[in-house]
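Q: Could you walk me through reading pockets and surface patches on a model like this?

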Amino acid sequence: MFSNILIYFVVIPIVMLGLLAICKNVKQVRAVAVIGSSALVGLSIYLLCDYLQLRAADPVSPMFYVQSWQWFPDLNIHLAVGVDGVSVAMLILTGFIVFAGSFASWKIDQPKEFFLWLILLSTGVYGFFISIDLFTMFMFYEVALIPMYLLIGLWGTGRKEYSAMKLTLMLMGGSAFLMLGLIGIYYHSAADPANLTWNLLEIVNNDAIPHGWQSFLFPMTFVGFGVLGAMFPFHTWSPDGHACAPTAVSMLHAGVLMKLGGYGCFRVAIYCMPWAANELAWIFLILTGISVVYGAFSACVQTDLKYINAYSSVSHCGMVLFAILMLNTTAMTGAIMQMLSHGLMTALFFALIGMIYGRTHTRDITKMGGLMRIMPFLGVGYVIAGFASLGLPGLSGFVSEMTIFVGSFEHQDTFHRVFTIVACASIVITAVYILRVVGKLLFGPVQDQHHLQLTDATWFERLSTVTLIVCVAAIGCFPNFFVELIKNTFSPAIFAAIGLN
């Protein structure tokens, strides 16, 4: 038996893969997917409760459940694991989205093969969030990216082959930058070449990376992760990938996979190279500020539901990177809250879009109307997701965005405050495209008389939708719980170690 609870976040998906391989019918496949995803949700909740007890007893330690197993001695590579509040939050987010995605894919074609690749993708995500060895983290990162090609190319719609190839090539290009950055960090991780390490905590404690090398390695690492976070101008893979992906893949892709980018920028680029982060943050603030506004404006002119949500994701993920680069406790807390909020609400959006498309066979909002009275459950769910996206108080979007803007405005200089005001303008733009879509899609006259014969959500679709809505409302109504969970990560000890304030 494994002594460390974190290993089970990888063991359970691997067991699921083995069970899926021997499944003989659809019912068995569904059972494995639901039981396995439920077990992961339960494990993440147990981890949360146990972590809170450990953190209350020890508010200083940077991470808990830290353990390491030697893997490749010649390069000092270990399977090293550990979590803090941010990691725990990301594990909970992943668990709930995989659970909801299992029900959203209830009627998928070739379910056995589909869930095999989907669970492999989630294995990479879980492994990434628990890893503190940079080499192992990169390995899990690649495991999470590779299945996307087949999931979109085989089960997608529209220009699926083109979108799958574009996504894969651009993310692999980002991975090349990232790999070079991580190798550079390793070879400057200690003053003594005999003590070189991939361990994140040891690298931070050693503080041995020269400033000149930080200036070179920080952009490579930040861009490498930033490509996955849809940072301008490396965002173009995202809308096409989202639009062509099947529902559960879109949910996991936008809800969790893109969060690897923001998490990596915080955990690796800023954590390991704080001097370069302070010196070069302004360059990436410009790019992420463009992402926030550009994504929102682009969403305004789209008519395809998935493209609208995809460009909205570019804007919201740009907000995450924007806040991380503010380099203060309030803004970075808001960034993690935004990762949770966006992950849940965009998964809800894509789940609802998939359900609507499965009935109407179109995602063009100009060809739909009056759906609120035809399928009221799905209509109300879409309105709630829209309100969360535009930042309605009581839902997750309001808490996360207000925290980001307050933290960003703490900077006294004109540059930071001007870009904060520009980012705030995205709220108004978001309201424009959300209200436009809600009006055209759900209200007004029915555009196609065949739509009058459509049915509302089934039981498994309702379960998937309600799960995500409850999570969105929980963050909005009880923000202090999540803020305290995250804020402990930015303790004075850690900030002293990485040189921030």
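Q: How much space lies in the second largest pocket?
A: In this predicted model, the second largest pocket holds about 310 Å³ of space. It is lined by 15 residues, and I92, F96, C471, A474 and F482 are the closest to its centre.

Q: Which class of residue makes up that lining?
A: Sort the lining by class. Here the second largest pocket has 15 nonpolar residues, no polar and no charged ones.

Q: Which element gives the most to the lining of the second largest pocket?
A: Helix α3 does, with four residues. At least two residues each come from α2 (26–57), α3, α14, α19 and α20 (479–487).

Q: How does the lining of the largest pocket divide by class?
A: Begin with its volume. The largest pocket has about 600 Å³ of space. Its lining counts 26 residues, with A104, K107, T247, G354 and G358 closest to the centre. By class, the lining splits into 13 nonpolar, seven polar and six charged residues. The largest share, six residues, comes from α14.

Q: Now the surface. Which residues make the nonpolar patch?
A: W71, F72, L75, F135, M179, I183 and Y187 form a nonpolar surface patch of about 650 Å². The largest share, three residues, is from α6.

How values were computed: Residues are numbered from 1 along each chain as its sequence is written. This is a predicted model: local features need pLDDT of at least 70, side-chain atom pairs count only at pLDDT 80 or more; totals for chains, interfaces and linings use all residues. Side-chain values use heavy atoms; hydrogens and water are left out. Patches are made of residues with over 30% relative accessible area and no salt bridge: like charges are joined within 9 Å, nonpolar side chains (Val, Leu, Ile, Met, Phe, Trp, Tyr) within 5 Å. Accessible areas come from the Shrake-Rupley method with a 1.4 Å probe; for residues, only the protein chains shown count as cover. A salt bridge is a side-chain nitrogen of Lys or Arg within 4 Å of a carboxyl oxygen of Asp or Glu. On a 1 Å grid over the protein atoms alone, a cavity is a set of points where a 1.4 Å probe fits but cannot get out, and a pocket is an open set with protein on both sides within 12 Å along at least five of seven lines; lining residues have an atom within 4 Å of a point. Grid points are joined across faces, edges and corners, and a volume is the space filled by probe spheres set on the points. Ala, Val, Leu, Ile, Met, Phe, Trp, Tyr, Cys and Pro count as nonpolar, Asp, Glu, Lys and Arg as charged, and the others, Gly among them, as polar.
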